[in-house]
Structures are given as C-alpha cells and as structure tokens.
Amino acid sequence: MATPNGLARIDTNGGAKKKHENGICHDDSSAPVRAQNIDELHSMQRKRSAPTTPIKQADGAAVSPFAAAISEEGRRTQQLQSISASLASLTRETGPKVVRGDPARKGEAAVKVAPVAAAPAPKPQPHHHHHHHVAPTISVSDSSLKFTHVLYNLSPAELYEQAIKYEKGSFITDSGALATLSGAKTGRSPRDKRIVKDEAAAQELWWGKGSPNIEMDEHTFLTNRERAVDYLNSLDKVFVNDQFLNWDPENRIKVRIISARAYHSLFMHNMCIRPTEEELEEFGTPDFTIYNAGKFPCNRYTHYMTSSTSVDINLGRREMVILGTQYAGEMKKGLFGVMHYLMPKRRILSLHSGCNMGRDGDVALFFGLSGTGKTTLSTDHNRLLIGDDEHCWSDNGVSNIEGGCYAKCIDLSREKEPDIWNAIKFGTVLENVVFDEHTREVDYTDKSVTENTRAAYPIEYIPNAKIPCVGPHPKNVILLACDAFGVLPPVSKLNLAQTMYHFISGYTALVAGTEDGIKEPQATFSACFGAAFIMLHPTKYAAMLAEKMQTYGATGWLVNTGWSGGRYGVGNRIKLAYTRKIIDAIHSGELLTANYQKTEVFGLEIPTAIEGVPSEILDPTNTWTDKAAYKETLLKLAGLFGKNFEVFANYKIGEDSTLTEEILAAGPKV
C-alpha cells in the first residue's frame, strides 16, 4: 500500500510478526510507557516509600486499606503542623504555610497544611461589617502568603542531588563522598556562643572566670530567633531533620534541625541517631529544636552582638539559633552542650570521651585533648567501638550520644588511619578539603582552605562499631596527656581523688613556636577534657564521675603519650607501640596486680614492670640524664597545675568542703 507521497507504507505489525515467524529477526519492542508527559514519566521512575508500621485498631486487628491511607495522610498532616509550629513567628498569629516536597518538582503531588496558631489569639469583638472594612495587617507578611516547602528527613542520595544542584562548592569525590564548603567560618566561634541567663540558668550553670558560658537575655534571644525564623520562612524550601540523641532508649532526646542547606541536613543525618520509619511516625513534638540560618547574619546593632555570627542557646525554651556561620560543627557541639545540661539533671554523666569494649564486655573510657592519641588508642581492632567522642554514663551503663563520627582529615592516609580512610565513601560529608578538579581525588595534605578539614560519617561505616552503641559499666577510665615537658610517667594508677583532680585539670602540652624560633612546650588545660562544651561547674561532673567509678568498681589511669628523657627537643616521643602495650595491660587487668612505687611531687603510683615495655622508661627519673633539669621541669609543671586549679579551689562540693579538700590534696606538692 502506498502513502500519499508515493512511498511504500511501513508495516510495523504484520510484517514484523511474519519475519519473526520466518526466524529472520526478533521483535524486542515493548508496550509504550503509560505516561502522558515527561513529568509523569519522571514521577513513575521513583517508587513511593511505603510505611513500615502496620496500622492496627485498638483490638490489634488491621484496618482496611482505605482507612490506612487516610491515617497515613493524617499522620503527614500532623507532622507538617508540628513543623509549622516550630517555624512559627512569636509575633504573628500563625505559623507559615508548609508543603512537603521539592518546589522544583512541580509535577509531584504534595501534602499541604494550613498555618497553625503560634499563640492563643484574643477573641474578636462583635462589630458591624462594612464593605470598606480592612482587617489589621499586624499578622500578615509576604512569607505568610507563600508556601514553604519542607524537605523532610531526606536520604543521603536525595541530599546529594540537592547539594550538587543548588549549593555552589558541592562535588562528589572519587571515593563517593560529598565535598562541601562551610563558607567563611571553618571552625567553631566560641566567643559568639551565648546562653540565655534566666532565673534557672543563673542558679544552675557555671558563670564567671574560666567558664565557657557567655550570657545573653531572653529578649535578645527572641530577637535573633525571629530573625532566623523569618529568614528560613522566606526561602522556597527548608530542610528538616527529626532525629535522636543518646543510644540509651530510656534517656534519648528528640531533636529537630531546621536548616537552609542540604550540606547541614546530611551532616546531621550522619551525626545524630537515625530513626526508623516506625520511630519517625511516632516522633511527635521534639525535645529540642535548632534553627540554623547559616550564612544569614545577626543584626550587629542587637544587644550582646560582637560580630555577624551568633550561636544562641535557650535552655528554658529548648531551642538553639545559629546566625552568620555555616560551619556544621556548631550544631554538633551545641547539642553536646545541651546534653551536658539535660543529662546530669537525670543523674546521668555526660562525657567528652572515646569508648570501646572488649570481647568479654569490659568497657574503657578514653579522655584526651587534641594530639593525645584518643582516636588512635580508642580505635582498636581487637575491641568494639561504642563511640569516638560523646557519651553518657547512666545506671544502665554507657551509651554513645551520637550516631556518627566527625574525624579530622588533615594528613589522613590509608596506612595511618585505615578505618577513617575507608569510611570516606558515599554518604560521608567532607568539609573544606581540596581535590583534583579532574579526577576529584582528595589531597588530604592540602591546607589551602583550612587545616581543620573534617569527615562526618555514620558510625556503622566503622567495621568494628558496636550497634546499638551501648555497653555495660566501664572498668577503666583512661586520662590521656601528651606531656611535652617529659616529666609525667608513661602510665600511673590513680585513686579516686587523683582521678577527679586530673579530670578537672584536663591537661596536655602543645608544642608552639616562640618568637626566636625555638619551640617550647605550652601547657594547655581544659576542664573535664572539654571545657568549651560543659554547662555546669567542672567539680559537679568530677563528683559524678567519682561516684560512678566507686559504685561500679572502675579504675582510673593517667597515660602520657608525650615525651620521655627530656622535654620536646631534648627527649624522645614515647613509642606508640609501648603505649599500645600499656593500654593492652590496662584492658587485660595485668596492671591491677603489678607492683607500684610512688613518684615525688605528683605522688603518682607507677608500675615497676609491664610486659613488652622497657622497665627503665616507666620512671621518668631513669630516662633524664640531667637530673637537675628534670627536677626543675617537674616543679615548673606542678606550678602550672596549681595555678590552673586556683579557679576551682574555692568551689564547695556538697554540704561541706571535705571532698574539695580531698581533690586539692591529690594534686602535686610543690
């Protein structure tokens, strides 16, 4: 049959069938797609996640599929109402109109919710209606006329898409990790962090000399909160994470993080505990909320503001506001500070420590400042990792506060830190690293952006992580110090008072360059090995630590990973192999039965022999050839300890000063 233009008509049915029957070719065509347009086709590409919790009636019987669909819709509406309430301005009658979904995907169906009341409004008075009547505009704003799209608990894959498409500086590296930039701030801003000093906080928190807590008033907090909320509501979309802190199910905290960047959402997805679908459906109202406005600055004319950055915590309102910084670590450490307040109120000790567990269930806590080897020594392939940074010690045992790890990346290598190296894969956030523009291979030695390059990944990326991240009561509490003065012994057994003294001191020594080019040790003290994050007076945490150690039979140890035979530049760094042997001897219980002798000045109990460690290095006096220089340096360090402890000496613990006197007596005698 010919077509109107004279060409033969192509037979797409019978002819193909005929050829197939003759064995000449196969018809591999398929039925056409059912989509009517490209948006519908894209919608078909993504399968909708089904709820994992069966919906049941009170008697336990499953309800009809129709009822289930309504219930699912109802749950989503309640969820959005909760988010609208979180984003509500305190000066207007209602919260924003929110809709779930990406505004860029216009072809998708979305659940919308009308604004919810922010506060009870006064009853309207009866009045006569006139055509010219205009309603008061006090509660009307441009943001109230639009929908704010909520991207709720997105998966890492979805957050990758958002970051790469909309956030400049986001790239996929050759290992699959997401490389991001944190903007002008590449570290925390402790001088811009403030806490509302209301009546309760004034009584409970540590204020004054030595304290990390800087005060602000309620009005200023609300001013900054309003600024952050208005900024977030002005955006087309916000990211919302509902997650948990603390792996102990009896004492976990529900947190909601509202942010403007996919980078921040993925970071917190990794660092907080990720809820199951069942837990998310029952999440309800959060216990604590973060409003992260990121790069949007605070108003410098606002009272207390000293820069364009402000990180504000209101313990009474259970809220945190971030303005003028995109550094994600502010959220992690801000929540850690909150846990330092909330947990002790439940008689649970919050700790800045690493934690691992042997195959027999023996748990060890590792405390130490930067450079002491805390990460290296707590990461042991013969033991399970409970966590690397933040923990709680309750009557149930120990539990990790977080759901992820935040590792330093500068000079990272596969040989030195294989677990961290292998954890940097799809789902991991790499902050401020430099990479090859073509291959996307990261150069971990490059400090062009910052020396504080970091990787944030879920804890299950570590092969020997213990999931869930909980364990029994610790048997050993290990305080690590990198003593660049070279006078502390490689290991000492501490009594309770000494443990409290050295825990409160939080000592290490850094090597810093002086003006004339000679490098001298610089003593560094950080109360409870995390002074920047504690809320209460250090002695309160120390008293709780001693009480738990005494109740559950834990032993305290002071381990020096620094120098021996002289200070930095004269002596030698204690070999890591020896330190590992010492840690192994602590874990095995070998050191509990060892013979001990007491040192002068610090009064530390040191073992006379440890298997695999040269006996002569166990006593620092044996390793120094210049005995006079040793004594001079020892007294110098003792004086630095004493001077640092002056700020704590007058703080009374309990009804009398007995415990305080015991702690002071446990310090060095000059």
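In which sense do strand S18 and S24 pair, and over how many bridges? Strand S18 (residues 397-400) pairs with S24 in the antiparallel sense, over two bridges.

## Basis of the model

This is a predicted model, in which local features need pLDDT of at least 70 and side-chain atom pairs count only at pLDDT 80 or more, while totals for chains, interfaces and linings use all residues. Residues are numbered from 1 along each chain as its sequence is written, and side-chain values use heavy atoms, with hydrogens and water left out.

## The four-stranded sheet

S18 and S24 belong to an open sheet of four strands, ordered S13-S17-S18-S24, with antiparallel pairing. Its edge strands are S13 (349-352) and S24 (470-471), each of which pairs on one side only. Strands (E, at least two residues) and helices (H or I, at least four) are DSSP runs, numbered from the N terminus. Two strands count as paired if DSSP finds at least two bridges between them.

Helix H9 (residues 329-345) lies across S13 and strand S17 (390-394), and runs at about 150° to S13. Such angles run from 0 to 180 degrees between N-to-C directions, with axes fitted to C-alpha atoms, for helices over the stretch in contact.

Strand S11 (residues 310-314) is largely enclosed by the rest of the structure, because five of its five residues are buried; buried means under 20% relative accessible area (1.4 Å probe, protein chains only). Ser310, Asp312 and Asn314 point one way from S11, and Val311 and Ile313 point the other way.

Strand S6 (residues 193-196) runs parallel to S11 and is joined to it by three bridges. Here arginine 194 stands opposite aspartate 312. S11 also pairs with strand S12 (residues 319-323), in the antiparallel sense and over five bridges, with serine 310 opposite leucine 323. The hairpin of S11 and S12 has four residues between the strands, and arginine 318 takes a positive phi near 60°.

## Surroundings of threonine 623

Threonine 623 is in helix H15 (residues 620-623). Its contacts (heavy atoms within 4.5 Å), leaving aside neighbours within four places in sequence, are Ser564, Gly565, Glu616 and Ile617. Threonine 623 and glycine 566 are 57 residues apart in sequence, and their C-alpha atoms are 7.7 Å apart.

The side chain of threonine 623 makes a polar contact with the side chain of serine 564 (3.4 Å). A polar contact is a pair of N or O atoms within 3.5 Å; within protein, one must be able to donate a hydrogen and the other to accept it, and residues adjacent in sequence count only if both atoms are side-chain atoms. A polar atom of the threonine 623 side chain also lies 2.9 Å from the backbone oxygen of proline 620.

Methods. Buried means under 20% relative accessible area, exposed over 50%, partly exposed in between (1.4 Å probe, protein chains only).
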